[in-house]
Amino acid sequence: MNEIEVLKFAYHVFDNYANHTQEKITEKDKELAQLAIACQKMKEINKISCTYSKNFFEQREVTIKAVMNALDTAIEMGDTEIADMALKLLDAEDEKDLIGTLRGFKEGI
Amino acid sequence: MGFFDSKADKMNEMAAEFIAEGDELKREYNNLSVQAKNKSKELEKKFRAEAKYKNQVLAELGNDIHLSLERFQNLDIDNHIFENISLESTVAANHGEHNFLNIISSGMKLASTSVKMMPTRTDFGLLGIVSALINNAEAEDNAYRNHQMAKEYMYKMDNAVEQVKNVLIGMDAIEKLVRDEHDTIEKLMNKIRKLKSTLDSADKSDYAQAEADYLKSIYSIAKKIQESLNRKIVDANGKITADYNNYCSELKSINKGLPSTPALNDGKTAKWLELIGGSIMS
């Protein structure tokens with residue numbers, strides 16, 4: 001076996017070896033790609049969560065202000081219907097589940 | 001210079017870069033983790049203060065305001081015309097503070113950074129071409145595995161950073177919810193206190209019809225606000241505590257699942273062309 005043949009043989013061995021390990025490598029690459037996607041998804045979820053949370057509190061501030069104004073009017077006029085509506089709106093506001101929604105984003109709901 | 005060894009070297013270099021980035025993310029995670037831990041301590045304090053405040057509010061609603069409303073109801077103004085609304089005692093006298101202690105335990109320590117081994121080069125003899133080539137293939141394979149392992153570490157640390165950020169977003173939201181709730185309760189209490197004082201001053205022998213109607217109405221409004229406050233205080237507590245506990249346990253589990261810095265395997269990167277050139281020439 002001359003040096004060229006040795007080289008050819010060695011390259012053949014190398015080629016077999018590379019092919020043999022290719023399958024394992026591809027599987028790992030797939031896992032890594034999935035991990036990268038999960039990571040990117042988590043970044044997006046955090047962005048959405050921040051925006052949603054900010055909007056939620058801004059909206060809540062507006063609602064609470066409206067409720068309090070309505071209650072003031074109700075008290076001033078002695079109008080129980082307005083008070084009823086205002087307090088129902090307040091109850092509805094309390095029922096909003098911000099944390100549940102944020103968790104829902106994370107769990108993909 | 002050589003094709004194969006440079007490929008392995010490149011992959012090992014990239015692996016080292018991934019590890020460096022992963023370590024940087026680990027530092028960021030550590031900082032965020034400390035922030036989250038501090039935030040949870042702050043929240044515990046706020047919960048305690050809020051529990052005390054709510055207890056005071058409930059006591060005020062159950063005592064002073066309840067008595068005022070009851071007294072007004074018993075005034076029998078308007079010559080027994082208006083409906084006799086019984087004021088049920090919905091106020092629990094003693095809402096104990098929640099036990100928030102021991103929610104967060106220790107265990108925030110991260111695995112220490114292990115020693116990174118960069119691949120070393122191997123010298124080959126003239127007769128060891130075949131084994132050198134196989135070694136070279138192994139070197140590439142090792143380098144690729146290093147590269148993957150390092151990349152996996154970086155992604156996992158990146159993911160851990162985002163996870164703890166998510167916990168912080170949640171805790172911030174809980175903190176704001178507590179503050180909002182406190183402000184709303186205080187606003188409602190101010191209204192009911194004013195109504196109480198109006199109703200307290202209504203104790204006289206003669207009432208004009210309009211005055212009697214107005215007093216009846218604001219009595220009714222005061223009662224509605226009182227009920228709303230009771231609902232608000234009693235219902236909200238358990239939920240917010242459960243949410244808080246959820247984030248705390250999440251934080252602990254993220255911390256527990258953190259990867260440690262991987263050590264690069266010995267790549268045995270042979271200088272391929274030098275080796276081949278040397279053996280053919282000689």
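Modeller: Let's start with chain B: buried residues make up 38% of its 282 residues. "Buried" means that 20 or more other C-beta atoms lie within 10 Å of a residue's own, "exposed" means 12 or fewer, and "partly exposed" is in between, with C-beta atoms placed from the backbone. Keep in mind that this is a predicted model, where local features need pLDDT of at least 70, side-chain atom pairs count only at pLDDT 80 or more, and totals for chains, interfaces and linings use all residues. Residues are numbered from 1 along each chain as its sequence is written, while chains are lettered from A and ligands numbered from 1 in the order in which they are written.

Biologist: How many of the residues of chain A count as buried?

Modeller: For chain A, 15% of the 109 residues do.

Biologist: Where in chain A is Lys8(A), and is Lys8(A) buried or exposed?

Modeller: Lys8(A) sits in helix H1, residues 3-77. Lys8(A) counts as exposed because 12 other C-beta atoms lie within 10 Å. For a sense of distance, the C-alpha atoms of Lys8(A) and Ile64(A) are separated by 81 Å, and the two are 56 residues apart along the chain.

Biologist: What span should helix H2 of chain A have?

Modeller: The rule is 1.5 Å times one less than the number of residues. H2(A), residues 80-95, has 16 residues and should span 22 Å; its end C-alpha atoms are 22 Å apart, so the two agree.

Biologist: Which residues of H2(A) are buried?

Modeller: Ala83(A), Ala86(A), Leu87(A) and Leu90(A) are. Looking down the axis, these buried residues fall within an arc of 95°, so they line one face of H2(A). The arc is that of the directions from the helix axis to the C-beta atoms. On the other side of H2(A), Glu81(A), Ala92(A) and Glu95(A) are exposed.

Biologist: And which residues are buried in H3(A)?

Modeller: In H3(A), residues 98-107, you'll find Leu98(A), Ile99(A) and Leu102(A) buried. They cover an arc of only 100° around the axis, so they are on the same side of H3(A). Gly100(A), Gly104(A) and Glu107(A) are exposed on the other side. After H3(A) comes Gly108(A), with a positive phi near 75°.

Terms used:
Helices (H or I, at least four residues) and strands (E, at least two) are DSSP runs, numbered from the N terminus.
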